[in-house]
Amino acid sequence: MNNLTPILSTVTASFLGSFVEVVEAFTIVLAVGITRSWRPALTGAALALAVLAALVVVFGPLLALVPITTLQFVVGVLLILFGMRWLRKAILRSLGVIALHDEDAAFSKETAALRQQAGHSRADYLAGIASFKAVLLEGVEVVFIVIAVGGAHGLTFYASLGALAAFILVMLIGLLVHRPLATVPENTLKFVVGLMLTSFGIFWTGEGLGADWPGADLALIAIFAVVAAASYAIIRSMRNASQTSTAKAAK
C-alpha cells in the first residue's frame, strides 16, 4: 500500500491537472479550426507541442543533478504556492466572487476575434499564433505539474502517463462531440487539483526539511484530508459571513 499510494496519487494529480489545462487549450484550437481552418490550428498546436517537448528534454535531466532533499524542498514550496493559487480561485468561484470559467463563452470570444481578423492579409498566421499560444501557455502548466508531482520521488514516468491519458481523453471526446467541453465540472476539478498539489507540496517540503512523516507515503492521505477539511471550513465560514452581511443589509 505504501508503494502504491505515491504512484496512484501522482497519476491522479497529473491526470486531473492536465485534463483541465488540455480542455482550455482544446477550446481555442477548436475555435481556430472551425472558424478559420484546421491547417493553422493544427500547425500552431504542433509547434507548441514541439517547444514543450524541447523544454522537457532540456530541463528534465537537470533534476537528476539536484540533491534530492533540495529538490523536494524547492518543488514542495512551489507546489504549495501553485496549489494555493488553484484553491483560492476555486473557492472564490464557488462563492460567486469571480465568475466560473465557461468554455462556451471562451469559444464564442475566440471565434468572434478570429472572424474580425478574417479579412486580414495574415489571417492564417494570426489564427496559427492563437492556437500556438493557447497550447503553449496551458502546456507549460502541464509540464510543471508533471515534473513537480513526479520529479521529487522519481515518478515522472507515472506523472507523464497521467498527463498523456488526459490529453488522449480530451482529444477523443473533443473529436466525437466536435464542440467545447462545456459540461466538464472545471471548477470542481480545479478545487480537487488544488487540494492535491497543496498536499504534495506540504509533504515534500517536510521531507526536504528532514521530517519523518508517520506512515511514510500514507501521510499524503492524511495531509489531503486536513487540507480539504480546512478549505471546506473556509468556504463555509465565508459563505455564512456573506449571508449574514446580506441579511443585515436587507434590514
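This is a predicted model: local features need pLDDT of at least 70, side-chain atom pairs count only at pLDDT 80 or more; totals for chains, interfaces and linings use all residues.

Visitor: What makes Tyr158 partly exposed?

Guide: Buried would need under 20% and exposed over 50%. Tyr158 has 32%, so it is partly exposed.

Visitor: And why is Phe157 called exposed?

Guide: Phe157 comes in at 56%, and the cut-off is over 50%, so it counts as exposed.

Visitor: Why is the pair of Phe157 and Tyr158 called edge-to-face?

Guide: Their ring centres are 5.6 Å apart, and pairing asks for centres within 6.5 Å, so they pair. The planes sit at 75°, and over 60 degrees counts as edge-to-face, so that's the label.

Visitor: What makes Phe203 and Trp213 a stacked pair, then?

Guide: Here the planes are 20° apart, with 5.8 Å centre to centre. Under 30 degrees counts as stacked, so this pair qualifies. Phe203 belongs to helix 7 and Trp213 to the loop between helix 7 and helix 8, so the pair ties together parts ten residues apart in sequence.

Visitor: How do you know whether Phe203 is buried or exposed?

Guide: Its relative accessible area is 0%, and buried means under 20%, so Phe203 is buried. Trp213 has 24%, so it lands in the partly exposed range.

Methods:
Residues are numbered from 1 along each chain as its sequence is written. Side-chain values use heavy atoms; hydrogens and water are left out. Rings of Phe, Tyr and Trp (its six-membered ring) pair if their centres lie within 6.5 Å; planes under 30 degrees apart count as stacked, over 60 as edge-to-face and the rest as tilted. Buried means under 20% relative accessible area, exposed over 50%, partly exposed in between (1.4 Å probe, protein chains only). Helices (H or I, at least four residues) and strands (E, at least two) are DSSP runs, numbered from the N terminus.
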